[in-house]
Amino acid sequence: MQFHLNGFHPGDPRFNDPQDAVVAPPIKRPLPDQVDVLIVGCGPAGLNLAAQLSRFGLDIAIIDQKDDRLLVGQADGIACRTVEMFQAYGFANQIIQEAYQVNEAAFWKPDADNPDQIARSSKVQDVADDLSEMPHLIINQARVHDMFLDVMRQSPSKVEPHYQRRLLDLEIDHNGGEYPVTATVERLVNFSQYSQVVETVKAKYVVGCDGARSSVRTAIGKELVGDALNQAWGVMDVLLNTDFPDIRLKSLIHSNNEGNMLIIPREGGYMVRLYIELDKLNENQRVARDQMTADVLIAAANRVMKPYTLDVKEVAWWSVYEIGQRITTAFDDSDEGHMPRVFLAGDACHTHSPKAGQGLNTSVMDTWNLGWKLAHVLTGLANENILKTYSDERREYGQALIDFDREFSRMFSAKPKSAENPDGVDPAEFQRYFQLFGEYTAGVSIQYRPSIMVSEGAHQSLATGLTVGKRFHSAPVVRQGDAKPMQLGHCHLADGAYRVYAFAGNAEPMSDQCGVRALCEFLANDVNSPLKKYTPAGADADSVIDVRAVFQQHHQAVETDTLHPVLSPRKGKYGLRDFEKVFCVDSRPESSGGGKNIYDMRGIDKKQGCVVIVRPDQYVAEVLPLDDYKGFCDFFSNVLLEA
């Protein structure tokens, strides 16, 4: 899509008249007296959590100091892994359609013949082949917020944010019964003049998604620890004309004496984001914001760009920030005597530079990890012990990301290595680092350690490309019921269900020798079956554990009337059969877009097959032999409560 040609306008770009994209202001209403979860902060972490929890019919309230929803600025980079998560909500395609897709990155360094000017050194592929089925995108963070807000409104809970609210205090009484957390919230109401109104909300859980100066973090006695790099950067979204040849590519520019710059093409085909290095700061020095203007940033960008020039026609948004990498000691308030009741997510528990594009992405992955765990506890599906895994899993990754970001920022901000500056960074070395750590920037590097929710991986050899503890790496299949080519990972929905993939061995599908059929028999009839033990009465058969099968044969070789009832369950008030649980390898020729066999791509044992258990947040929890019924039962006995 192309838009913003005649100026920047926030909101949905599909409206021809920008006024039609204007959303009505939020309805002002009081906070409820008590809720299951109180979320503080309407950033990406908070909205993602609210969107996920709203699907379970829980009592949710989300508050923010702003007057209304975000319209412009802030984060813009959407990692491949985050787009995989958007797919689970159902809005990935719309985001992909609107966004700029990052395919290549251009590297620029001082010209060897004229060091005061820059010259391109190379272009590289941005995302490695088969890293994800989803692209790396650039889009205004506000559009991501809009998508989450739509999910919230359309959910059973019909959640809307409460704006103009500031958290004053939190009190936690672990002996305080069902609602042990009391939040005191300030509301400013404009009548003839501003007058203060104080509201009190009792909650079962509170989640602080309220940024680097988090009031929730302060209330539970946590603090950000780490260091700052004493670097100041300007950022601006602009509409411009230029003779710079790579203006529609992600471009990383090192100049000889004028600092460095990152160019990020924005959605719509015309807008560009510029990250511009400003002067280094002294110890404990802050950016002199009162002396900074958009014109100052534009002039700095033009100095870096020589011999090219930027003619800025409109500045849609700009800001200045200082780089720092910090993380909290824990992401919740738990101690040896108490289970967690208050959690931190996003910038409230970790901060890093925006140049690697991980701020928004890491934040939404925090609450993607936490949301379904809270939902399982609140709906009685799981014991509250699972909540302890949130801080363990996310803090380790947050620290690893900060370590990466620190080195990336150091290399990006350093002067190029030269005869006059022998201690500088070789631009070629920086490029190698950029490519080496592609999994970090794509968001797919996370591997959670063994816990009650992640196995030791004793049977990893059965599916070497579906690593226990890492996100389920999707691959192409053909759905048997309707012959639809699709990605298997797109079966994952943001509904809190575990996905169980039974990859068949080499026996004929549904024959007496078929391991998938035997597994289905166990799940349907055995008294120890997790489907029987953990599915609530009256709920759909796949509402907690969603069993699906993948066969090695052509999809036309598998007849629908032979499928076991576990693979075609009756659901809903009419008992309608679900025919979308069975898949086959993609046997289409390469000329038709096929030729990719999921067994080969993901190292699945073709003779024995296997079972892959995937958590509701799309991370592989266990790989088992098809006939390891005890291992299957043991895993779910650790994470679910009997219905």
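How many helices and strands does the protein have? The protein has 14 helices and 26 strands. Keep in mind as you look around that this is a predicted model.

## Overall shape

Let's start with the whole protein. Its C-alpha trace spans about 75 × 65 × 50 Å along the principal axes. For 643 residues, a compact globule would have a radius of gyration near 26 Å, and the protein agrees with this, having 26 Å.

Of the 643 residues, 56% are buried. Among contacts with a separation of 6 or more, 72% are between residues 24 or more positions apart. The accessible surface amounts to about 26700 Å², and carbon and sulfur atoms account for 45% of that.

## A helix with a buried face

Now zoom in on helix α9, which covers residues 427-436. Its buried residues are Pro427, Phe430, Gln431, Tyr433 and Phe434. Seen down the axis of α9, these buried residues fall within an arc of 160°, so they line one face of the helix. An α-helix has 3.6 residues a turn, so residues three or four places apart point the same way.

Turn to the other side of α9, and you will find Arg432 and Leu436 exposed.

Take Cys209: the nearest cysteine sulfur belongs to Cys349 and is 8.4 Å away, while a disulfide needs the two sulfur atoms within 2.5 Å. Cys209 counts as buried, at 9% relative accessibility.

Cys610 is in no disulfide either, and the nearest cysteine sulfur, that of Cys514, is 13 Å away. Cys610 is buried, with a relative accessible area of 0%.

Notes
Residues are numbered from 1 along each chain as its sequence is written. This is a predicted model: local features need pLDDT of at least 70, side-chain atom pairs count only at pLDDT 80 or more; totals for chains, interfaces and linings use all residues. Side-chain values use heavy atoms; hydrogens and water are left out. Buried means under 20% relative accessible area, exposed over 50%, partly exposed in between (1.4 Å probe, protein chains only). Helices (H or I, at least four residues) and strands (E, at least two) are DSSP runs, numbered from the N terminus. The arc is that of the directions from the helix axis to the C-beta atoms. The radius of gyration is taken over C-alpha atoms; the globule rule is 2.2 Å times the number of residues to the power 0.38. Contact means heavy atoms within 4.5 Å. Accessible areas come from the Shrake-Rupley method with a 1.4 Å probe; for residues, only the protein chains shown count as cover.
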